[in-house]
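Please look over the sequence and the structure shown here. The paragraphs after them go from the whole chain to its parts.

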Amino acid sequence: MELDRRSFLKTAALSVGPAVIGARGANDKLHIGWIGVGTRGYAGLDWLHTAAGEDVRITAICDTYQGYIARAKDRLKTIWGDVPPTYNDYRELLADKNVDAVFIMTPEHLHHDMTIAALEAGKHVYIEKPLAHTIEEGFEIVRAWEKSGKIVQVGTQNRSSSLYKRAKELVDQGMIGDVHFVRAFWYRNSLDNDPAWRYIIPPEATPQNTDWNRFLGPAPKRAWSPERYFQWRLYWDYSGGISTDLLVHQTDIVNYMLSKTVPLTCTASGGTYRWHDDRDVPDTLSAIYEYPGGLQINYSCYFGNVYYGYGEQLCGNEGTIEVMNRQDLYFTPETFGGKAPAKVAARKPIHLNGKTDFGERDGAINHFRNFIRSVQGSEKVIAPPTIGQEAAIGGHMATLSFRNQKRVIWDQSANRYSLA
Ligand SMILES: NC(=O)c1ccc[n+]([C@@H]2O[C@H](COP(=O)([O-])OP(=O)(O)OC[C@H]3O[C@@H](n4cnc5c(N)ncnc54)[C@H](O)[C@@H]3O)[C@@H](O)[C@H]2O)c1
């Protein structure tokens, strides 16, 4: 039975075309192991069902907090109809022959070890962004992936959003002319009693039902800290903060829309101005990137005012394309004070909405589906590790610039940075 299933999947992977897609019997389905059922991982259990419920089964889950395992089991029963075996140690899940591919939805500092172990175990991998916690770790993942022959998708899901695809088409059609300047930003705010990124610590969590050492993994050893476990984004040991958590999405999608890869330089500045607690990472960050070919990205993020929300604004010399809140795309031609050349004056403004025009909240479900179809052999993966690494390098450059108070220069031929 098991051999039949595997040879079916192999045949499916070799044949390219919609013929291999469609409702399958339980034995023909791709078997998914799920590592990390926290905030993103828990939501993803539903999204995968929407994306490819007919084509996959979740056959194992792993998490180091028993409370989240219990919550995921409930949800799996409701949405998927059955409850798979559960693991505390991801290596045991990877040894499970009933798993073909894994979704890794764990904190940033664990991505490297988990992804490489999964590839070595012969699994296809969906790894959340950022690809890894450092630039060097990211390159190790890229090399392991190249050797493995497996499919890897990095969770920069904007690339799968129809809205951003449309924005790229407009750029490629020349609708905004040459683009040398982009503004991108992500602003948030919350009440004084709800500090940014101080996510809820489940009151039931204790060192007995939470595997602190497995959470730490390669990070420096420390005494149990529920803040560090559940609010890991606030500490350098586990996260690059704003740069690798939020900014990577936006530099990645600007790269995509403008066909760019890695910036030449980054200068970042910021501080912890709004939230005064024991956090390491800034709550205010601005980063200026210079790219080959003459492009500047002016990025800012602040956790003390939400008025301007989220956006990428591509400022072309013939027009502007803005994608706001990953939901609204606006194209506005330049008017040149009434003296626009005829070809520019003929262009009409455009407004598209993700939900009403494409039926999409964001790109996540499409991104999951693209991963599954790539494993099945009918599509090409949209964000392989090379692309995920390009996005992550931009994020790491901002963290390095901020932490060292220096300009960071990227040497593309040597794949190395230096500080100036
Ligand atoms: N693509 C996006 O838009 C997006 C959005 C949010 C988060 N993310 C990414 O998703 C990942 C997870 O973020 P989150 O917000 O869900 O964090 P989270 O803290 O809510 O969840 C992390 C989960 O990993 C578990 N975990 C910790 N150590 C583990 C280990 N050794 N083995 C197994 N499980 C372990 C935790 O118990 C927790 O359930 C991060 O990489 C984050 O950047 C991506």
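Predicted model: local features only at pLDDT ≥ 70, side-chain atom pairs only at ≥ 80, totals over all residues.

Residues are numbered from 1 along each chain as its sequence is written.

The secondary structure of the protein comes to 14 helices and 16 strands; helices (H or I, at least four residues) and strands (E, at least two) are DSSP runs, numbered from the N terminus. The radius of gyration, taken over C-alpha atoms, is 22 Å, close to the 22 Å that the globule rule gives for 420 residues, so the protein is as compact as a globular protein of that length. That rule is 2.2 Å times the number of residues to the power 0.38. The C-alpha trace spans about 70 × 55 × 45 Å along its principal axes. Of the 420 residues, 45% are buried, a word used for a residue with 20 or more other C-beta atoms within 10 Å of its own, the C-beta atoms being placed from the backbone. Among contacts with a separation of 6 or more, 72% are between residues 24 or more positions apart; two residues are in contact if their C-beta atoms, placed from the backbone, lie within 7 Å.

The domain assignment gives domain 1 (2-159 + 366-385) and domain 2 (165-360 + 389-419), with bounds that come from an automatic or database assignment. The C-alpha centres of the two domains lie 25 Å apart. Where they meet, 25 residues of domain 1 are in contact with 32 residues of domain 2. On the side of domain 1 that touches domain 2, helix H3 (66-80) and helix H6 (135-148) each supply at least two residues. H6 has the largest share, 4 residues. By class, this side of domain 1 divides into 10 nonpolar, 10 polar and 5 charged residues. Here Ala, Val, Leu, Ile, Met, Phe, Trp, Tyr, Cys and Pro count as nonpolar, Asp, Glu, Lys and Arg as charged, and the others, Gly among them, as polar.

Next come the strands. Six strands form an open sheet in the order E3-E2-E1-E4-E5-E6, with parallel pairing; two strands pair if DSSP finds at least two bridges between them. Strand E3 (86-87) and strand E6 (152-154) stand at the edges with a single partner strand each, so one side of each is left without a neighbour in the sheet. Strand E1 (residues 30-35) is joined to strand E2 (residues 56-62) by 6 bridges, and Ile35 stands opposite Cys62 in E2.

Antiparallel pairing is found between strand E11 (residues 310-316) and strand E12, which are joined by 5 bridges. These two form a hairpin with 2 residues between them. E12 also pairs with strand E13 (residues 328-333), in the antiparallel sense over 6 bridges. In this second hairpin 3 residues lie between the strands, and Asn325 in the turn has a positive phi of about 50°.

Note on methods
Buried ≥ 20, exposed ≤ 12 C-beta atoms within 10 Å, placed from the backbone.
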